[in-house]
Structures are given as C-alpha cells and as structure tokens.
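Colleague: I would like to go through this model and ask what stands behind the words used for it. Please show it first.

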Amino acid sequence: MKNNLRKAFAAFAFAMIEAIGFTGTEVKAGGGFGVTNKFKETVTLTKDNKGYGVAFDLVDVSNGSYKNIKVTSSKKSVATIEKGGLNEEIIVYPKKAGTTKITWTATDEKTNKEVKQTGTIKVVKFENPFSTLKIADKNYASKVKKDLSVISTKTGKTKLKLKYKLKKNWKLDKNGSYFSTYDTSTGKSKIQSIKTGKTYTIKKNSWTSFQITLKNTKTGASACFTILLNQ
C-alpha cells in the first residue's frame with residue numbers, strides 16, 4: 001500500500017511539474033506550452049526530449065477549425081516537427097544545438113483562407129544548474145541529469161535544512177519553487193517558499209517534497225527538480 005501511495009505521489013509531482021512548464025510559458029488544455037505567433041522558445045537537448053518531443057499549443061488559432069495543416073522546420077538537423085493530436089498543437093523533437101524556424105500553415109474551414117503561424121526554437125545542450133544541492137547535509141546535485149528530474153529518497157530526520165548554490169546565469173523561478181507537505185491523516189496541505197539556508201519540518205504520515213524550478217538568463221533554458229521525501 002505504501003509503495004502504491006509513493007507511486008501516486010510521484011505521478012502527482014510529475015503532473016504538477018508539467019503544469020508549471022519549463023519555458024515560463026502557460027500550459028494550455030491541449031497539453032503543450034501555450035505560445036503566440038512569432039514565438040521564441042528554448043528546448044533542452046536531452047534523451048527524453050529527443051524521444052518524446054516537446055509540445056507547444058499555438059494559442060492564436062486554438063479556437064478555430066482548420067484543414068490542410070502543414071508544419072515545417074527550417075533546419076531539420078536541429079529539430080524536426082510534427083502535428084499533435086489537436087489542430088493547434090505541434091511537437092518539436094530536438095536533434096542538436098542550434099536554431100530553427102517553425103512554420104504552421106492551414107486553411108480556415110469557415111473563411112477558406114490560409115492561416116499562418118511561425119516561431120523560433122533554440123535547442124541548447126543540457127547543463128546541470130546546481131553546483132550544490134544539499135538537503136540535511138546530503139548532496140543531490142549529481143542526481144540532476146536532465147531538465148526534468150524527480151527522485152524519491154528516505155530520510156529519518158524531521159528537520160531538513162536546504163542549501164543550494166546555482167551555477168552562473170541560473171536563477172530561481174519563485175513561482176515554480178516550493179516546499180510542500182500533505183498530511184494523509186487530516187487531508188491538509190501546506191506550501192512554503194524555497195530559500196537556501198532555511199530549515200523545513202517533516203511530519204509523520206505526510207507526503208513531502210522540494211520542488212525547484214530554474215531559468216537560465218543567458219540561454220533561456222529551464223529546469224525543474226523535485227525530491228520526494230519519505231521518512
């Protein structure tokens with residue numbers, strides 16, 4: 001039963017991370033990051049992103065009905081693209097570092113006129129944002145190996161001091177970073193802000209996690225790291 005609960009919590013954490021997004025862009029109902037015409041987005045080159053792709057929803061055309069939809073990437077060696085499950089959804093598959101122009105064209109079924117959306121995708125190599133990431137004196141920095149990392153670990157302590165140091169150009173996204181607890185006995189949850197050097201308390205019978213979302217001010221890359229803590 002405990003294993004099932006942990007798996008459920010891990011799935012919840014993934015869902016929360018995806019809902020926040022890694023580009024600082026709002027997530028829409030289609031399942032991708034919501035972007036407007038002439039968008040500029042950064043995608044990190046990781047095994048997961050190469051295999052599963054990164055989805056974007058073209059917000060400007062999300063309420064229309066279209067036919068003859070075509071999507072192209074100006075540099076397929078940098079990233080390829082395909083249509084998603086919805087008219088406005090596109091999925092980008094990064095191949096190597098570089099920049100490519102994305103074009104989406106379609107025919108509006110109501111007006112029979114051509115509609116066009118464009119954007120720029122910059123693909124960058126993954127960089128571990130942390131030089132130090134300690135929780136209760138245990139360093140987790142080496143565990144961060146992709147832009148979305150979630151691990152589960154046990155701790156016998158009730159007081160956890162968070163200490164982290166970021167590499168150059170990386171900044172904390174305060175809106176996507178927090179310490180959260182959910183008391184399974186009362187059903188009450190609590191969210192606290194993240195701050196290096198701060199001590200957090202773990203209570204028994206609770207789901208507890210640190211989530212740290214980061215942005216690289218130079219490359220535009222984003223990363224999100226979650227630690228699920230079990231006593």
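Colleague: Which residues is leucine 133 in contact with, leaving aside its neighbours within four places in sequence?

Modeller: The list is Lys138, Asn139, Tyr140, Ala141, Leu162, Lys163, Tyr164, Ile212 and Phe225. A contact needs heavy atoms within 4.5 Å. Bear in mind that this is a predicted model.

Colleague: Why is leucine 133 called buried?

Modeller: The cut-off for buried is under 20% relative accessible area. Leucine 133 has a value of 0%, so it is buried. The residue is found in strand 9, residues 130-135.

Colleague: How far apart are leucine 133 and valine 144 in space, C-alpha to C-alpha?

Modeller: The C-alpha atoms are 9.5 Å apart, and in sequence the two residues are eleven apart.

Colleague: What makes strand 3 largely enclosed by the rest of the structure?

Modeller: Strand 3 covers residues 54-58, and five of its five residues are buried, so the rest of the structure largely encloses it. Both faces are covered. On one side Val54, Phe56 and Leu58 are buried, and on the other Ala55 and Asp57 are buried.

Colleague: How do you know that strand 3 pairs with strand 1 and with strand 6?

Modeller: Pairing requires at least two bridges between two strands. Strand 1 (residues 33-35) is joined to strand 3 by three bridges, and these strands run parallel. There, glycine 34 stands opposite aspartate 57. Strand 6 (residues 89-94) pairs with strand 3 over four bridges in the antiparallel sense. In that pair, valine 54 stands opposite valine 92.

Colleague: Why do strand 2 and strand 4 stand at the edges of their sheet?

Modeller: The sheet is open, with four strands in the order 2-8-7-4 and mixed pairing. Strand 2 (39-45) and strand 4 (66-73) each have a single partner strand, so one side of each is left without a neighbour in the sheet. From one strand to the next, the twist averages 25°.

Colleague: What makes strand 4 and strand 7 a pair?

Modeller: Strand 7, residues 98-108, is joined to strand 4 over six bridges in the antiparallel sense. With a requirement of at least two bridges, they therefore count as paired. For example, tyrosine 66 has aspartate 108 in strand 7 as its bridge partner.

Colleague: And the whole protein: how many helices and strands does it have?

Modeller: The protein has two helices and 18 strands. Of its 231 residues, 46% are buried.

Definitions and conventions: Residues are numbered from 1 along each chain as its sequence is written. This is a predicted model: local features need pLDDT of at least 70, side-chain atom pairs count only at pLDDT 80 or more; totals for chains, interfaces and linings use all residues. Side-chain values use heavy atoms; hydrogens and water are left out. Buried means under 20% relative accessible area, exposed over 50%, partly exposed in between (1.4 Å probe, protein chains only). Axes are lines fitted to C-alpha atoms, for helices over the stretch in contact, and angles run from 0 to 180 degrees between N-to-C directions.
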